[in-house]
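Open your viewer and get ready to click along. Each stop below tells you what to select and what you will find there.

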Amino acid sequence: MKPLFFSLFISATVFSQTTGADKMNIVKTNVTAYAFRNVNLTYERVINKKFSVSAGFGAMGKGSVPFSNSFLKDTEFSDTEVSMTNFTLEPRIYLGAGYGRGFYFAPYYRYSAFNVDQVTLTVDYSTGSSDPLKLSGKATGNSGGLMVGAQWFLGKTDSWVLDWWIVGAHYGKGKGDFRGNSSRPLTPAEQAELKDKINNLDIPFVEYTTTTDANGGNIKVDGPWAGVRAGLSFGYRF
């Protein structure tokens, strides 16, 4: 009886190590996101061979737009300061080896919040005067998407994790309010010119409406919200 019990114990242990079902929890961070000042952490719970669920949180402290000198230099947004937080809930469907390992498809939900400050908009009025407005405000978005990736276990005990987010994209709806105050009272004609100036800003993928008054202007964002995901995460499983 003892040899049979010992054989069953060894078989179960080998099977557990082979399938990876002995360690069902993974914590990791997307190391490539730190280039964008994005501090982040993700927890993944393996449910069975094919499925897992993960939740992630990321935050970018207030500062200039990452790599802004490459694409925002000499524009109204060159001095812009931004901060950001996001939360992602992601079930995963694993192919192949499973139990958190191999290629996967991951439908996901993401909530994002952006704070924007120090957008300097200089308006040259037909009267010959100019007036710099400092725009600031906040926008939030809710979106759903799909990501394709692959995850590997590393080390002698398969305790370390490498997660490659090959590509992901999400789409949804966003809302936001921004305000810019003038340094002096604006005439009705100047208010109209300010509105035209804001409406003619080249802001890709953003729908917004503009209203102006004697003290400045308001921008209301209400429309599509889209984004992409990619990166390389490193973590530990237990």
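## Start at the hairpin

Select strands β8 and β9: together they form a hairpin, with two residues between them. Keep in mind as you look around that this is a predicted model. Strand β8 covers residues 208–213, and strand β9 covers residues 216–237. The two strands are antiparallel and pair over six bridges.

Now pick out two of the partners. Aspartate 213 has glycine 216 of β9 as its bridge partner. Threonine 209 stands opposite lysine 220 in β9.

For a landmark, select histidine 170, which stands opposite glycine 227 in β9.

## Look for the rings

Now turn to the aromatic side chains. A search of the whole structure finds five aromatic pairs. Select phenylalanine 114 and tryptophan 225, which form a tilted pair with 5.8 Å from centre to centre and 45° between the planes. This pair links distant parts of the chain: phenylalanine 114 is in strand β5 (residues 102–124) and tryptophan 225 is in β9, 111 residues apart.

Is tryptophan 225 buried or exposed? Tryptophan 225 counts as buried because its relative accessibility is 15%, and the cut-off for buried is under 20%. Phenylalanine 114 has 33% relative accessibility, so phenylalanine 114 counts as partly exposed.

Move on to tryptophan 160 and tyrosine 236. Their rings form an edge-to-face pair, at 5.1 Å centre to centre with 65° between the planes. Because tryptophan 160 lies in β7 and tyrosine 236 in β9, the pair ties together parts that are 76 residues apart in sequence. Both residues are partly exposed: tryptophan 160 has a relative accessible area of 42%, and tyrosine 236 has 35% relative accessibility.

Ring pairs link Trp160, Phe234, Tyr236 and Phe238 into a cluster.

## Find the charges over rings

Some rings have a charged neighbour. Select arginine 237 and phenylalanine 153: the arginine lies over the face of the ring, at 3.9 Å from the ring centre. Then select arginine 92 and tyrosine 104. Here the charged end of arginine 92 sits over the tyrosine ring, 3.9 Å from its centre.

## Last stop: a serine

Finish with serine 54, which lies in strand β3, residues 51–64. Why does serine 54 count as buried? The reason is its relative accessibility of 5%, as buried means under 20%.

Which residues is serine 54 in contact with, leaving aside its neighbours within four places in sequence? Show Thr42, Tyr43 and Glu44, then Thr88, Leu89 and Glu90, and you will have its contacts on screen.

Methods
Residues numbered from 1 in each chain as written. Predicted model: local features only at pLDDT ≥ 70, side-chain atom pairs only at ≥ 80, totals over all residues. Heavy atoms only, no water. Pairing = 2+ DSSP bridges. Helix = DSSP H or I, 4+ residues; strand = E, 2+ residues; numbered from the N terminus. Buried < 20%, exposed > 50% of the residue type's maximum accessible area, 1.4 Å probe, protein only. Contact = heavy atoms within 4.5 Å. Phe/Tyr/Trp six-rings, centres within 6.5 Å; stacked < 30°, edge-to-face > 60°. Lys NZ or Arg CZ within 6 Å of the ring centre and 35° of its normal.
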